[in-house]
Amino acid sequence: MGKYIVKRILLMIPTFFAISLIVFLVMHAAPGQPGASVQGAGDASQDADQGAENEAYTLFKQQFNLDKPVLFNTRYGLSDEEVLSAIEDSMNFGGEVLPGRQIEAKEQLTDWAQYAVPGLLKVLTEHPDKSIRSRASKWLSSAAKLRLQYAYTKRPTKEQLSSDSDRMKHNLEIKTWTFEENATDTAEAEVVSKWTAYVEEDVERRWHFTMGSKLSTLLLDTQFAKYWSNILSLDFGVSHLYKEDVLSLVGKKLRYSICLSVATLLIIYLVSVPLGIWSAVYRNTPADRAVTVFLFMLYSLPSFWVATILLNFLTKGTPFEVLPTGGFSSIDAGNLTTLDYLKDVIWHITLPVACMTYGGLAALSRYARTGLLDVIQSDYVRTARAKGLSEAVVIIKHAGRNGMIPIITLMATLLPALIGGSVVIEFIFQIPGIGSFMFESIQARDYNVVMCILLITSLLTLIGMLLADLLYALVDPRITFD
Amino acid sequence: MSEIQESAAAAAESTREKATQTYGDIVWGQFKKNRVAYASLWGLAALFTLAIFAPLLASSTPFIWTDETGTSYPWFTTLFDTQYFENGVDLFFNLVMVMGMPMLLLWWLWMRKLPAKMPRVRQRRARAKAIFSRGAGFFLAFFAGMVFTAVGTGDDSPNLLLRALDLGKLSIVLYVTCATMLALKMGSRSVLLAVLIGYIAGNVLHTTSSKYTVYSKVYWQNQEAIAAAEETGAEAPDAISAVFPIAPYSYRQQGFKPLEGPSGKHIMGISTNGSDVATRILYGTRISLTIGFIAVGIYVAIGIILGSIAGYFGGKVDLAIQRLIEIVMCIPSFFLILTVIALVGSASIFLIMAAIGFVRWTGVARLVRGEFLRLRNQDFVTSAQALGYPTSRIIFKHILPNALGPVLVAAAFGVASAILLESSLSFLGMGDASTASWGVTLREGYSTGAWHLVLIPGFAIFLTVLLLNLAGEGVRDAMDPKLRK
């Protein structure tokens, strides 16, 4: 058993990795740059027109690793021709470049950053046109910059700070190594010689790619790899909407959703198990049929419709103004005593829980009914009756225990489904849970939050599935995993 | 003595009949015994009919329009007008409406040509005849009944038949003639009865419906003129005579008093932006059914292909596909669909269908895989392999038909849940707002609290989902040998 659990948990790691890959690809297949809706970033992307000088936008992209390729980084193989054509297109050199391509070429040059340095140097030294050489020198001064490594670390140490300030100095220095189109030849020669020496000095370390460094660049210097390395340190990034750490936000919201789901689950089981047993005992009587039909209709009722009706008829208008229109607790709930707070919460979540309950209740009591029907005709139940046990003991103690196995194991799969499936209910009743948070973030294109929620709910489902299997073995001794 | 002989002969006949019964026949027989499920199948057929013939019931263009310049037939020209019916779904259903009858006729003629000696063929012909007579019944009753009814709403409509001939529009005449001919051939008296009822209802409506003539004023070509006339207080230009559908509105047409409750003119009231709710609900049937069936079609196809490959080949292929299933299953599908639709930005119903189809296939794949694992070692498969049939043939012709039962049940429930999913997306405002989806209308009800906008679309969703669930349950029970009656 222990071996099995370890095996399953180990298997969860590649599965989770693949899930994150799929989620990541879905997010990046979408048109539009992630973060484009962030305040200011939209303007910044337009400002990218203005050339290499736009630092704010570049910094923004670097912070979120948006300058890197999504999955595979092949920029170590960047050819000189590609760099040249990007520069020419960005300057509209031939005069026939489409505006879209101009912006794209600028983005490319910004994103390539230091991978473009050798190509840029070649343009700088060999290109016949002076305006292009001048532009290449400007791009060089921004592309050869060293990244500040600890700018986004919360509490950097002294060594880290000093290493960053060294890098800053270096960046400031190379920033001046440019020349204008109308500069004299001597000024140009000076800049060119500086750059040649600079690149030659560092060529082995920074621009010479061995097989190993190619491979690590290919796989590791990408958005996906950076995201994963962040996940491993439990850093899901910052929510653009709330300017807060995503994980703690999700944790906060998850509390409400789990509270709702657990209450729902509890009621579902408390009602559906006795109901299922009852209708299995009185099977095929008119009462059973009526209950079955009724449950079937309940099952087909769209929950958002029921929620809207309840909201309109139980919370608004004078005769029915019984329950609150939404929220998880009253606004002034902070001042209440614990007991009063509990009452307040229960008063608030009555309607949402009712809406989330009835569908699952209908389905589960059907499962309970068939589960019991499967065992009620077996030999050992007949034996128990023959022993002279009372009907109640036979049904509840003998048949019930075996008949309920399938529905107990359903619990583990139901919980994540409830958490994930409550978007509409939380939306209608304005409960600040994970579902409405997801909806809100999707609309605001808060990518970090959406990814985090997708990954965490997937993880919950994975764990739920494992628990279901284990629970199965626990309650049914006939099942072993060894 | 002879009686005994007769009964013996009858028994022998019935056993022979039983021997030729296929599995499908047995299941169908069982299904028919379940009255609720059978009735819900009819209900679904009725929904489809409503969806197909929606323009006959509700359209802002008249069948016939006569004014000083002459007579025109705008209804026919707008059927395939992409300006009027913007949505591909509507155009598709209109095509089905127009081509349905001739297609049925062709199919039936083809079935008649098959040699009648083989019992199978005879059976199929009998079944085709049954389906056909009913299909013809639906088409005829609806088309004829509605046109009759509609003609009754004209200003000074003379006898309908004369009017229809006067149309010169071959389509209607052809249509009705085909249907009548076939219905007569089929001996389907119920069809004729339906037409008769339609005709009488039309005439009754006519006598009570002088108010309908008012609507000739909303004919789309004259709308601007009417508005101008109303401003100046002059008499609005009017047709000499016009024949409109019962509900002379289109689902995109606005301009009625917003949020007005149900009345004689608008039996289901008016929506927030001033369009007729009854028309929107009617056209919403098209959207819901299309979304349900096409999305499920996509994922059943994916599920069958992957599931059968996994189940048939086993080993590493199976392992890989199983992992894939597990991965997709773990991502909460509603979240994923919501994300995909939101990120793409403009949610068309085709995107919603595709999103549902590509996310929800795991259940079907697991079902098919299980069935294949069960079937692949049985004798009929081994013999097919020994005969040297290609693998694709063994998979699709020999094993798959035996594995389809559970898939059918899953598909029926799947259509229901896809319809629910689409309406909840629309309810959240993530759906295709340009369509008349029920979820969109319900959302208006949620935000305004108008009870007719809450109850009516919600009930439409509920009814459709219930019918699908009942039918699915019926198929499941019919396939369960333990419950056989």
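**Stop 1: confidence**

Stay on chain B for a moment. Its average pLDDT is 77, and 66% of its residues score at least 70. Now select residues 149-171 of chain B, where pLDDT stays under 50; the model still gives this stretch 48 contacts beyond four places in sequence. Do likewise with residues 204-218 of chain B: here too the pLDDT is below 50, and the stretch has 24 contacts beyond near neighbours in sequence. Where pLDDT is low, the predicted coordinates should not be read in detail. For the model as a whole, ipTM is 0.79 and pTM is 0.79.

**Stop 2: H12 and H16 of chain B**

Next, show H12(B) together with helix H16 (residues 362-375) of chain B. Two packed helices are described by the angle between their axes and the distance between the axes. In this pair the axes come within 7 Å and cross at roughly 35 degrees, and the crossing is right-handed.

From H12(B), pick residues including B:Tyr299, B:Val300, B:Gly303, B:Ile304 and B:Gly307; their partners in H16(B) include B:Val364, B:Leu367, B:Val368 and B:Phe372. By type, the residues of this contact are twelve nonpolar, four polar and three charged.

**Stop 3: the nonpolar cores**

Keep B:Val364 selected. Together with B:Ile341, B:Val364 touches the most other members of the largest nonpolar core, which has 162 residues. Helix H12 (residues 277-313) of chain B gives this core its largest share, 18 residues. Setting aside neighbours within four places in sequence, B:Val364 contacts B:Tyr299, B:Val300, B:Gly303, B:Ile304, B:Gly307, B:Val407 and B:Ala410.

There is also a second, separate core of 21 residues; among them are A:Val83, A:Leu121, A:Val123 and A:Val191.

**Stop 4: H6 of chain A**

Switch to chain A, which has 21 helices and zero strands. Of its 482 residues, 33% count as buried. Among contacts in chain A with a separation of 6 or more, 69% join residues 24 or more positions apart.

Select helix H6 (residues 117-126) of chain A. Its buried residues include A:Val117, A:Gly119, A:Leu120, A:Leu121, A:Val123 and A:Leu124. What covers them? Show helix H4 (80-90), helix H7 (130-143) and helix H9 (185-207) of chain A, which are part of that cover.

**Stop 5: A:Ala29**

Now go to helix H1 of chain A and centre on A:Ala29. Is A:Ala29 buried or exposed? It counts as exposed because it has 11 C-beta neighbours inside 10 Å, and the cut-off for exposed is 12 or fewer. Draw a C-alpha to C-alpha distance from A:Ala29 to A:Val423: the two are 394 residues apart in sequence and 24 Å apart in space.

**Stop 6: where the chains meet**

Finish with both chains on screen. The contact takes 37 residues from chain A and 33 residues from chain B. On the chain A side, helix H1 (2-29), helix H13 (286-300), helix H14 (303-314), helix H19 (423-428), helix H20 (434-444) and helix H21 (447-475) each supply at least two residues. Colour that side by residue type and you will find 26 nonpolar, ten polar and one charged.

Definitions and conventions: Residues numbered from 1 in each chain as written. Chains lettered and ligands numbered in written order. Predicted model: local features only at pLDDT ≥ 70, side-chain atom pairs only at ≥ 80, totals over all residues. Contact = placed C-beta atoms within 7 Å. Helix = DSSP H or I, 4+ residues; strand = E, 2+ residues; numbered from the N terminus. Nonpolar A, V, L, I, M, F, W, Y, C, P; charged D, E, K, R; others polar. Buried ≥ 20, exposed ≤ 12 C-beta atoms within 10 Å, placed from the backbone. Core = buried A, V, L, I, M, F, W, Y, C linked by C-beta atoms within 7 Å. pLDDT = per-residue confidence, 0-100. Axes fitted to C-alpha atoms, helices over the stretch in contact; angles between N-to-C directions. Left-handed = near helix turned anticlockwise from the far one by under 90°.
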